Amino acid sequence: QELMAQAGTVDFGDQVTLTLKLFREHPAILAEYRARFRHILVDEFQDTNYAQWELVKLLAGREGNLTVVADDDQSIYKFRGAAVSNILSFTETYPQTAEVVLAQNYRSTQPILDAAYRLIRHNDPERLEGRRGIDKRLRALREGGRPVEHRQYDTGGGEADGVAQDGVRLWHLDTLRLR
């Protein structure tokens, strides 16, 4: 921290904490930013940490012209402090919240979605489905397609080659269908 201060630099964490400090110590500056950003959208909200959530709450204020997009099953930054508790506390902080569960899937087919769902259920009871009774089972809008059989590779390079071959094979099939 001392070396960065001497160099006049900050890291990402400092940007968040220094902004929090600025807004808390200078309400007029916070009011200026609230007026500037009257509507806020936070995508990948499941990957926010406590300080980031505090910053969002300060900016949004009690009015909460705020939309967040989150999927606890996609949270991958716990090692950086991401807290699924932010999702859980969102509706406590903003009780007038309308919750929308997006369950239609445009990319995958039902057999693939069902296989993924069986796998993700191993994270129960910590998931929102278990904690809040939300049905997050995805429904496919495409037909066909089965999950590829289990494959094991000896090296990362071998796995990359296998994935590339599958991609070429699928691209070729799609190209033939278009003709």
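**Exercise 1.** Is E129 buried or exposed?

*Solution.* Keep in mind that this model is predicted. Start with the cut-off: a residue counts as buried when its relative accessible area is under 20%. The relative accessible area of E129 is 11%, so E129 is buried.

**Exercise 2.** Which side chains meet K136 in salt bridges, and where do they lie in the chain?

*Solution.* Begin with D71, whose side chain meets that of K136 at 2.9 Å, N to O. These two are 65 residues apart: K136 is in the loop between α7 and β4, and D71 is in the loop between β2 and α5. Then take D73, which also pairs with K136 at 2.9 Å, N to O. D73 lies in the loop between β2 and α5, 63 residues from K136. Now check accessibility. K136 is buried at 15%, whereas D71 is partly exposed at 22% and D73 is partly exposed at 25%. Finally, step back: D71, D73 and K136 are among the members of a salt-bridge network that also includes R127 and E129.

**Exercise 3.** How are helices α3 and α4 oriented to each other?

*Solution.* First find the helices: α3 covers residues 27–36 and α4 residues 50–60. Their axes come within 8 Å and cross at roughly 80 degrees. Angles of 65 to 115 degrees count as roughly perpendicular, so α3 and α4 are roughly perpendicular to each other. For the contact itself, L30, Y33 and R34 in α3 meet K57, L58 and L59 in α4. Four of these residues are nonpolar and two are charged, with no polar ones.

Key. Residues are numbered from 1 along each chain as its sequence is written. This is a predicted model: local features need pLDDT of at least 70, side-chain atom pairs count only at pLDDT 80 or more; totals for chains, interfaces and linings use all residues. Side-chain values use heavy atoms; hydrogens and water are left out. Axes are lines fitted to C-alpha atoms, for helices over the stretch in contact, and angles run from 0 to 180 degrees between N-to-C directions. Helices (H or I, at least four residues) and strands (E, at least two) are DSSP runs, numbered from the N terminus. Angles under 35 degrees count as roughly parallel, over 145 as roughly antiparallel, 65 to 115 as roughly perpendicular and the rest as oblique. Contact means heavy atoms within 4.5 Å. Ala, Val, Leu, Ile, Met, Phe, Trp, Tyr, Cys and Pro count as nonpolar, Asp, Glu, Lys and Arg as charged, and the others, Gly among them, as polar. A salt bridge is a side-chain nitrogen of Lys or Arg within 4 Å of a carboxyl oxygen of Asp or Glu. Buried means under 20% relative accessible area, exposed over 50%, partly exposed in between (1.4 Å probe, protein chains only).
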